[in-house]
Amino acid sequence: MRKFENKVILVTGAGSGMGKAVALKLIKNGAAVVIADINYDAAKRVETEILRDGGKATAVKVDISVSAEVENMIKLIVDTYGKLDIAINNAGIEGKLGELIEQIPEMDFDRLFSVNVKGTWLCMKHELIQMKKQGFGNIVNMSSVLGTVGCPGFSSYAATKHAVAGLTRSAAVENAPLGIRINACCPAAVQTPMLDRATGID
């Protein structure tokens, strides 16, 4: 049996980059994967690729910073598959990098926290409601190496990833007695469209 046979796994931000790579790897290991992304066309392309190769996938459009959209996403997963085994909260934005703290526009700071922190919290909130009902589940949140150190010119992004790490630690302690495991992943720089935007590479 493949490692994730009969598992239903949600991957947010799976229309491109690391999320897409994770989703395709999970499919190869037997999972049914929910491809969630704010860019529905990108999510649909990944779904089409998976279905063409004989895998199980469902594309979902979601803005993770909007509670009702996240709640509806979890409902769709349960209505379609009957459960949610694993959630990988990968969706996030980079904002404008390279600015000193006093140069960051308030609107940009708020948007980063709305997606990276509030969005991760909303996903965990609704995932945990379902996982507690079913009595099992695993959650992986995407933090960053910048969630563990300071870095000039990356302060607002780093702050969001520190917050994700803090949310993860607290949620892990809260839910471990219930048999729900919660971890964070802290990758360094990975060649993705997000990194290309951040570094100005075409």
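## T168 and its contacts

T168 touches N141, I182, N183 and A184, leaving aside residues up to four places away in sequence. A contact means heavy atoms within 4.5 Å. This is a predicted model: local features need pLDDT of at least 70, side-chain atom pairs count only at pLDDT 80 or more, and totals for chains, interfaces and linings use all residues. Residues are numbered from 1 along each chain as its sequence is written, and side-chain values use heavy atoms, with hydrogens and water left out.

T168 sits in helix α5, residues 155-175. Helices (H or I, at least four residues) and strands (E, at least two) are DSSP runs, numbered from the N terminus. Is T168 buried or exposed? T168 counts as buried because its relative accessibility is 4%. Buried means under 20% relative accessible area, exposed over 50%, and partly exposed in between (1.4 Å probe, protein chains only).

## K133

K133 belongs to helix α4, residues 106-134. With 68% relative accessibility, K133 counts as exposed. Its C-alpha atom is 27 Å from that of G92. Along the chain, K133 and G92 are 41 residues apart.

## Strand β1

Which strand does β1 join? Strand β1 runs parallel to β2 (residues 32-37), and 5 bridges join them. Two strands pair if DSSP finds at least two bridges between them. In β2, A32 is the bridge partner of V8.

## The whole chain

The protein chain has 6 helices and 6 strands. From the N terminus, the order is β-α-β-α-β-α-β-α-β-α-β-α. Of the contacts with a separation of 6 or more, 68% join residues 24 or more positions apart.

The radius of gyration is 17 Å, which agrees with the value near 17 Å for a compact globule of 202 residues. That radius is taken over C-alpha atoms; the globule rule is 2.2 Å times the number of residues to the power 0.38. The C-alpha atoms fill a box of roughly 50 × 40 × 30 Å along the principal axes.

## Burial and charge

Buried residues make up 44% of the 202 residues. The chain has 23 positive and 21 negative charges, with mean positions 9 Å apart. Lys and Arg count as positive and Asp and Glu as negative; His and the chain ends are not counted. Each charge is placed at NZ of Lys, CZ of Arg, CG of Asp or CD of Glu.
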